[in-house]
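Student: I've just opened this one and would like a walk through some of its strands and helices. Could you take me through it slowly?
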Amino acid sequence: MKSFYTKLLKRFETGASLSDAKKFNKIVSKITDVSRKWHGTLVIAPGVAGLIIGIRLLGLLQPLELAALDIRFRLRPAEPVDKRFVIIGIEESDITRFKQWPFSDKDLARLINKIKEQQPRAIGLDLYRNLPVEPGHAELLEVYKTTPNLYGIQKVVGNGFNSKVAPPPILGEKGQTGSNDVIVDVDGVVRRGILFPEPGNSLPSLGLVMAGAYLDKEGIKPEAAPDGSMKLKNTVFSPFEASDGSYINADANGYQIILNFRGKAKSFTYVSLTDVLKGRIKNDLMRDRIVLIGAKAASLNDAFYTPYSRGFSTTPERTPGVEVQATLASQVISSVLDGRPLINTWHDSLENLWIFIWGLLIAALGWKWRNITALHYLLRILTLLLLSTVSVSIISYVSFVFGWWIPLVSPVLALIASTTGISSYVYISRLRELNSELEKTVKNLEEAMGELQQSQLQLIQSE
């Protein structure tokens with residue numbers, strides 16, 4: 001290190017004045033003094049940060065970070081029901097009543113006509129109806145033709161387990177369809193919503209179709225933001241990237257956003273299909289609202305785990321797929337009209353800095369206290385670890401309430417690793433100092449013994 005600074009200083013002196021060289025020499029001297037004084041911190045803090053960030057980049061912390069995100073959802077204050085939505089859930093009792101599944105086109109046409117009587121703003125049919133189900137297919141086709149605010153679904157993304165599904169023919173021709181594709185994380189939980197399922201495909205998701213139909217009546221239409229993202233009024237929907245938040249190499253195909261759930265299952269107004277057909281609902285329940293029709297019965301298996309599914313002391317509960325689409329539509333509408341925050345994330349460099357700062361805090365203070373007694377040192381460093389962990393948790397939670405998802409597990413692990421590292425380094429440094437002092441003492445004793453022997457020889461000679 002000294003040879004490097006010496007060479008640098010010589011090169012500096014050849015092209016600069018002597019006074020500038022002296023100033024540079026002073027700076028080098030100060031840096032050397034600081035590094036000598038804080039060498040324990042300078043060794044531990046970068047090492048710990050590099051270790052945690054490396055583990056994080058391997059994806060080993062992703063399950064823990066996602067679990068921590070789910071806990072923040074569950075701890076967040078409950079949000080009111082979005083009254084702009086009504087979901088008609090198809091129950092097991094409805095299937096029993098019709099004695100078939102899917103129920104006939106005649107019954108579906110009658111249901112849609114009943115809904116139309118209340119003049120909703122948009123109707124979303126979250127059921128696959130690409131094939132006729134007699135009787136009543138001609139009647140249903142007529143309903144399709146005469147209902148401009150009715151939107152059906154199709155499955156756009158196919159894979160080895162699920163095939164693509166075509167839309168209802170007439171609705172597909174009229175452009176009144178949306179995708180009901182859902183993306184699920186590796187742990188089986190839905191945390192992201194799809195605005196557009198495929199790159200280059202202009203077909204939106206059913207949730208976005210519903211939101212767009214509602215906002216269109218408010219005079220709000222989508223436009224492009226400066227960075228190319230979709231913008232509605234003053235809200236920009238930045239597309240999800242593969243490393244956003246604590247995700248590592250996640251599936252970022254299409255146009256996705258992180259879902260900001262309103263709460264656990266049944267966070268919207270539900271009515272049964274039978275109640276609608278028999279007129280057992282209020283006459284204005286659906287007026288000027290978004291109405292979604294979808295499966296709720298367990299036997300239809302159209303349900304997903306969400307961050308609210310795994311409670312602290314309850315059995316995991318799944319959320320119907322139709323409610324996932326409602327959640328996406330509600331998120332878009334409420335962010336545009338109500339200013340409800342989206343879930344935002346930091347850039348990777350800022351997240352890494354966040355991890356480094358907490359590791360540096362422990363390393364700096366732990367090294368500063370190295371000269372106090374062992375018991376006092378242990379009490380101080382453990383207290384600091386506890387307070388720092390609580391602080392990280394509070395900051396992460398409050399940030400999430402305001403729409404920012406920042407890492408929690410990574411900085412906590414950095415705190416623990418830094419506490420362990422700096423304590424061990426201080427212990428080793430003390431052993432080295434004691435060993436050095438012991439060597440000096442032995443050397444002094446040897447010198448004293450030598451002097452004593454010399455004195456004895458001189459005394460003998462004189463006698």
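Tutor: Let me start with how to read it. This is a predicted model, in which local features need pLDDT of at least 70 and side-chain atom pairs count only at pLDDT 80 or more, while totals for chains, interfaces and linings use all residues. Residues are numbered from 1 along each chain as its sequence is written, and side-chain values use heavy atoms, with hydrogens and water left out.

Student: Okay, which residue is the bridge partner of Gly193 in E9?
Tutor: Gly193 has Ile257 as its bridge partner in E9. Strands (E, at least two residues) and helices (H or I, at least four) are DSSP runs numbered from the N terminus.

Student: And how do E5 and E9 pair, parallel or antiparallel?
Tutor: Strand E5 and strand E9 (residues 255-258) pair in the antiparallel sense, over four bridges; two strands count as paired if DSSP finds at least two bridges between them.

Student: Switching topic, what is the order of the open sheet of three strands?
Tutor: The order is E6-E7-E8, with antiparallel pairing. Strand E6 (222-224) and strand E8 (235-237) stand at the edges with a single partner strand each, so one side of each has no neighbour in the sheet.

Student: Which residue in E7 does Ala224 stand opposite?
Tutor: Ala224 stands opposite Met230 in E7, and E6 and E7 (residues 230-232) pair over three bridges.

Student: Last one: is Asp348 buried, exposed or partly exposed?
Tutor: Asp348, which is found in helix H12 (residues 348-368), counts as partly exposed because its relative accessibility is 31%; buried means under 20% relative accessible area, exposed over 50%, and partly exposed in between, with a 1.4 Å probe and protein chains only.
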